[in-house]
Amino acid sequence: MQRNKLLVPVVLLATLLMGFVLGQEARRIVVAQGEGVENWDPPAGWDTASEWIEMNVYDCLVYPDRETGEMIGWLAESWENLSDTLWRINLRQGVNFHNGDPFTAEDAKFSIDRIISADREKFIVFNQWQFVKEVRIVDDYTIEIETTGPDPSFLSELSGTGCGVVSKKYVEEVGDDGLANFGVGTGPFKLVEYDRESFVVLEANEAYWGGKPDIDELVFRVIPEVSTRLAELLTGGVDNAPGILPQDWDRIESDERLKLVQYLTDRVYGLSLAQTPPPGVEAVATSIPEIREAIDYAIDRDELIELAGGGTSTLTRLTPPIPCWDRVEPALYGVNPYNPEMARQILADIGYPDVAGGPTITLHGTFGQYIAQKEIAETIAAMLEEVGFEVELDIREFSNFRETVYRGNNEELMLQSLGNFTTDPWLFILNYDSRFGERLPTRTRFSNEEVDTLAKQANVEMDPNRRCEIINEFAHKVADLRPTIELFQMADTVAMPSNVEWTPPSDGMLLFVNLRFTN
Amino acid sequence: MRGGALRPMSGYIARRVLQIIPVLFGVTLIVFLMIRLKGDPVQQLVPDWYSEEQIQEVRVAYGFDRPIHVQYVSFLSRAVRGDFGRSFHNRQPAWDMIKKAIPRTAQLALAAFVLGVVIAFPLGIISALRRNTILDLAVTGFAVWGRSLPNFWLGIMLILVFAVTLRWFPVSGTGAISGQPFLKHLFLPAFTLSMGLITTLTRLIRSAVLEVIREDYVTTARAKGLRERVTIVRHVLRNALIPVVTVMGLQIAWLMGGSVIIEQVFAWPGMGRLMLQAIYARDNSVVQAGLLVTSLIIMVSNLVVDLLYTVLDPRIRYS
């Protein structure tokens with residue numbers, strides 16, 4: 001009888017506890033992506049999708065803050081620039097890899113050494129890491145990196161593709177193929193299982209040095225077709241999908257489970273203007289400064305932004321973001337130089353169409369890579385024709401475009417989209433530095449002694465303030481000479497559940513450690 | 001008696017299998033040359049800022065700088081040992097990727113084949129037996145309409161109706177992580193893929209049945225007082241099957257190849273999607289291995305169809 005009296009409250013308590021435990025469902029986010037992971041070995045590939053997913057599993061030594069672009073320490077706790085070519089890096093202590101191996105200086109050195117001592121066939125990023133001459137271990141949690149020359153972009157380059165730190169012990173045990181098949185890092189999420197062609201399942205790293213992520217289970221699903229991704233969002237098959245097109249915004253917003261967040265990417269739509277003709281062509285009209293100026297005045301950027309869905313897209317005449325961004329005068333940002341009357345006047349003054357390389361202006365473009373790419377090229381062609389240019393529009397399928405036109409075979413104009421994922425100006429400078437142009441078949445074939453001198457100074461100037469001044473001068477010079485005409489900084493729109501807070505990073509990198517559930 | 005009949009047949013089968021070898025050799029040559037004519041794979045591998053010298057270094061590392069006949073001989077000598085090289089993109093052996101994708105496409109193709117046969121046979125037979133009625137008009141109208149629908153459009157429409165609106169089926173994937181039964185995931189892509197087969201077979205069965213039904217032996221069967229069902233199944237259908245089986249055999253190849261768009265729309269991780277990605281990325285090793293395997297499947301299915309004739313019509317003998 002006594003036992004029966006006790007049994008009732010015990011059963012009730014157990015039921016309540018069970019209900020509580022069952023009520024705490026695992027917090028799961030399913031992300032739709034166009035492509036899956038090709039390889040879990042960080043330096044083995046360039047493909048964006050792999051990098052996006054991998055960066056949730058691996059940590060780099062340093063990495064750009066995804067909102068400010070400033071470099072922050074991940075596995076590096078602090079760093080010191082000992083000389084123009086020597087950096088000391090103090091590593092984070094008490095960090096373990098997902099398999100339990102402790103992270104030490106041996107792993108940091110090993111991760112860089114295996115790239116720079118390999119070959120191009122093994123690691124496609126081999127060339128990109130040749131800024132490192134040697135990595136030396138000072139003690140268990142300190143390394144020194146010697147660069148091949150003065151390198152103000154050192155930290156940015158150290159966070160480039162392939163920066164994910166791997167466990168020396170694990171790689172030696174399983175070999176390169178083993179690592180390619182199953183990634184083990186120190187990142188906020190651990191790899192649980194994956195199918196290269198269809199999904200990746202990650203779970204929260206409870207012991208993450210930056211604190212346990214709010215998501216318990218993070219799933220990436222490979223869904224190549226845009227309309228299928230939308231259908232999955234609407235039926236709850238996925239929770240998060242980047243690259244939502246403007247025509248689908250209403251449908252997403254009408255679903256109370258979902259919300260849309262628009263953010264400014266680091267990518268800029270722009271035109272390359274050929275300064276010299278490609279092989280086999282006698283002359284290009286864009287070699288004439290007045291023609292370049294008239295093209296600049298003929299394009300209404302606001303209309304192009306509307307075409308790309310409007311929102312947070314921003315007018316710019318530069319490729320952002322760079323640490324010196326705030327030093328660049330407003331004349332290069334937020335302005336629309338559209339003035340069709342001025343464009344017509346300039347053309348009349350120089351006697352167009354009787355000009356070298358005229359009258360036809362060829363505009364090359366492609367489609368399918370970025371929002372409204374083909375439509376933007378068509379609209380630019382119409383705007384140019386509106387002020388009197390004779391335009392030949394040449395739109396090609398992407399791989400054909402890349403092989404036949406992109407690498408230096410373009411005529412007058414080419415619509416392109418440039419990003420600066422490095423958050424350092426070196427990539428921006430590279431586009432206009434003719435010293436690189438001698439080796440690199442650039443789209444502009446631009447050469448200017450003053451610009452080259454500034455580029456040379458910016459590439460070795462170790463004082464950040466002085467470097468910013470040089471870059472500011474460089475940016476203005478380039479905007480005046482117009483080897484490229486930048487149009488606007490692109491926005492992207494991501495769909496996500498209504499009950500989460502998440503700021504997508506400007507480079508589109510899908511890092512989910514900062515996602516928070518609001519209920 | 002049976003053993004005696006099989007002896008000349010086994011000679012025929014051996015000859016047909018041997019014939020596959022030179023055909024496959026021809027396929028390797030054509031595939032190899034076509035892929036190289038399509039463009040430079042290195043251009044797709046390297047980032048924008050690589051110089052010409054750096055691109056050339058990558059080209060040398062992958063062996064693309066060698067004369068084309070040297071590359072072909074090297075490819076062939078490895079291929080006969082089952083080594084198709086590694087994918088340029090994920091460094092995995094191309095054959096491993098193909099091996100993983102084939103069963104998934106085969107599941108889809110088989111389901112589409114079964115659906116096609118199950119739907120097309122009754123439709124074709126009923127349409128023939130009810131010739132020039134509204135039912136016949138409806139079936140032939142459906143066959144023409146279905147044939148003219150682009151696969152990708154039909155797939156998207158089926159998703160909108162049956163997955164998004166009615167929620168009867170999941171939108172995409174194979175069910176590996178959705179928790180829903182595999183067959184539910186399989187139905188929409190398989191039905192979309194089967195539409196071509198359904199429409200082709202329906203029209204073919206209708207005309208084959210109409211042709212056979214006028215034959216004297218059918219009239220005789222009916223005159224003998226055989227039940228209509230027995231007459232149709234035993235005398236009409238069996239004799240109508242020969243042209244139908246030929247087309248069904250050819251359709252297997254079409255189902256394996258036609259799954260490219262379906263797999264893309266339904267995020268089905270099979271051969272079609274793998275090949276599409278590999279072609280876009282100029283991933284030659286994977287494209288070559290995939291095309292060779294597809295060719296082999298087509299040749300084997302043709303051989304099986306030829307052999308099936310002898311089962312359907314004992315008068316046919318190969319020697």
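A salt bridge is taken here as a side-chain nitrogen of Lys or Arg within 4 Å of a carboxyl oxygen of Asp or Glu. The exercises below concern a predicted model.

**Exercise 1.** Determine whether A:R28 and A:E217 are joined by a salt bridge, and state which elements the pair ties together.

*Solution.*
Step 1. The N to O distance between the side chains of A:R28 and A:E217 is 2.6 Å. The cut-off is 4 Å, and the pair accordingly meets in a salt bridge.
Step 2. A:R28 belongs to strand β1 (residues 28-33) of chain A, and A:E217 to strand β10 (residues 217-222) of chain A, so the bridge ties together parts that are 189 residues apart in sequence.
Step 3. Buried requires under 20% relative accessible area and exposed over 50%. A:R28, at 36%, is therefore partly exposed, and A:E217, at 26%, is likewise partly exposed.
Step 4. For context, the count over all chains comes to 31 salt bridges.

**Exercise 2.** Assign A:R396 and A:D394 to accessibility classes, and describe the link between them.

*Solution.*
Step 1. The closest N and O atoms of A:R396 and A:D394 are 3.0 Å apart, and the two residues form a salt bridge.
Step 2. A:R396 has a relative accessible area of 28% and is partly exposed.
Step 3. A:D394 has a relative accessibility of 16%, which means that this residue counts as buried.

**Exercise 3.** Identify the helices that the pair A:K477 and A:E450 ties together.

*Solution.*
Step 1. The side chains of A:K477 and A:E450 meet in a salt bridge, with an N to O distance of 3.3 Å.
Step 2. A:K477 lies in helix α16 (residues 464-481) of chain A and A:E450 in helix α15 (residues 449-460) of chain A, so the parts tied together are 27 residues apart in sequence.
Step 3. Both ends are partly exposed: A:K477 has a relative accessible area of 24%, and A:E450 stands at 41%.

**Exercise 4.** Characterise the surroundings of B:D136.

*Solution.*
Step 1. B:D136 is located in helix α6 (residues 134-148) of chain B.
Step 2. Its relative accessible area is 3%, so B:D136 is buried.
Step 3. With neighbours within four places in sequence set aside, B:D136 is in contact with B:S127, B:R130, B:R131 and B:R206.
Step 4. With one of these residues, B:S127, the side chain of B:D136 makes a polar contact of 2.4 Å.

Note on methods. Residues numbered from 1 in each chain as written. Chains lettered and ligands numbered in written order. Predicted model: local features only at pLDDT ≥ 70, side-chain atom pairs only at ≥ 80, totals over all residues. Heavy atoms only, no water. Helix = DSSP H or I, 4+ residues; strand = E, 2+ residues; numbered from the N terminus. Buried < 20%, exposed > 50% of the residue type's maximum accessible area, 1.4 Å probe, protein only. Polar contact = N/O pair within 3.5 Å; in protein donor to acceptor, adjacent residues only side chain to side chain. Contact = heavy atoms within 4.5 Å.
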